[in-house]
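Below is a briefing on side-chain contacts and helix geometry in one structure.

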Amino acid sequence: MVGQVKSGIQVLSGHREAVIQTASGDGIMTTETISTAKTKAHTVYKVDGVRVPGVTTITGQLDKSSQLVKWANNLGLQGIDSSKYTDEAAVIGTLAHYLILCHLKKETPVLVDYTPKQLDTAETALIKFWDWQKEHTLEPDYLEIPVVSKTLMVGGTADFIGKVDGVKGIVDFKTGKAIYDDYFIQVAGYAEIVKDALDYQCESYRILRIGRDDMEGFEEKRINNIAPYRKVFLTLVQLYYDRKELKGGL
């Protein structure tokens, strides 16, 4: 079951839109768009005209180099160009994400820019999501809506904020081969922002890893205690602004 949705993304002329955001009094963003093709929309968050970082910028301070080196080496051993693989995987992952959100919003996706192979692979991910949805009752309150915390001076755009089986929480959709701890640090950031901006208290936190093919499979991980991840996220926020001050950015 899908409840009333307050949606914050625009889809025009077959392209997802990059969005420049300005915080309103309730923390929800007003939008101005810059067109981009076949890439995940980039959001610029602002508070009173001042640009603030997004959750992914904050969590991006974590060192993931060892994971990336291992991944690139594995592709190299298989004779696969990691840069080309990454570009194609990014397009498919973005498309799968887009199809799932269009399904939840009851919107018709615009698919003219994609190849048959990309569509076929992304639709495999969508079918996996449908199978998961059949086992649950979904009542979204906000879908991919940009919000900003004036307390933290950080913005974020969670995929799904609402009830799953009657419990309020956040669901983040990921495509790929694994669920990493930093994903929940990201979710903790979203939870903190929506609590501050929307007075929305989450009780459950989920990652859905939706593989782009049968080999990547499907995985769900849910936690109820977000406190350790929240602590790391708040530490990263402080680190971001401390480093900015050192550079003379304040």
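Seven salt bridges turn up in a search of the whole structure; the term covers a side-chain nitrogen of Lys or Arg within 4 Å of a carboxyl oxygen of Asp or Glu. The model is predicted: local features need pLDDT of at least 70, side-chain atom pairs count only at pLDDT 80 or more, and totals for chains, interfaces and linings use all residues. Residues are numbered from 1 along each chain as its sequence is written, and side-chain values use heavy atoms, with hydrogens and water left out.

**Salt bridges**

- Glu 220 and Arg 206 form a salt bridge with the closest N and O atoms 2.3 Å apart.
- Because Glu 220 lies in strand 13 (residues 218-223) and Arg 206 in strand 12 (residues 204-210), this pair ties together parts that are 14 residues apart in sequence. Helices (H or I, at least four residues) and strands (E, at least two) are DSSP runs, numbered from the N terminus.
- Arg 206 is buried at a relative accessible area of 4%, whereas Glu 220 is partly exposed at 33%. Buried means under 20% relative accessible area, exposed over 50%, and partly exposed in between, with a 1.4 Å probe and protein chains only.
- Salt bridges that share partners join Glu 192, Lys 195 and Arg 230 into one network.
- Glu 192 is buried, with a relative accessible area of 12%; Lys 195 is partly exposed at 32%.
- Lys 174 forms a salt bridge with Asp 172, with 3.3 Å between the closest N and O atoms. Both ends count as buried: Lys 174 has a relative accessible area of 15% and Asp 172 one of 2%.

**Charges over rings**

- The charged end of Lys 174 also sits over the ring of Tyr 183, 4.8 Å from its centre. The criterion is NZ of Lys or CZ of Arg within 6 Å of the ring centre and within 35 degrees of the ring normal.
- Lys 168 lies over the face of Tyr 200, at 4.3 Å from the ring centre.

**Aromatic pairs**

- The count comes to six aromatic pairs. Rings of Phe, Tyr and Trp (its six-membered ring) pair if their centres lie within 6.5 Å; planes under 30 degrees apart are stacked, over 60 edge-to-face, and the rest tilted.
- Tyr 180 and Tyr 183 have ring centres 5.6 Å apart and planes at 80°, so the pair is edge-to-face.
- Tyr 183 is buried at 15% relative accessible area, while Tyr 180 is partly exposed at 34%.
- Tyr 240 and Tyr 241 are also edge-to-face, at 5.1 Å centre to centre and 85° between the planes. Tyr 241 counts as buried, at 16% relative accessibility.
- Phe 129, Trp 132 and Phe 173 are linked into a cluster by ring pairs.

**Helices**

- Helix 4 (residues 116-133) has 18 residues and should span 26 Å at 1.5 Å a residue; its end C-alpha atoms are 25 Å apart, which agrees. The expected span is 1.5 Å times one less than the number of residues.
- The buried residues of helix 4 include Phe 129, Trp 132 and Lys 128.
- Helix 5 (residues 181-198) reaches 26 Å from its first C-alpha to its last, close to the 26 Å expected.
- Asp 199 follows helix 5 and has a positive phi, near 55°.
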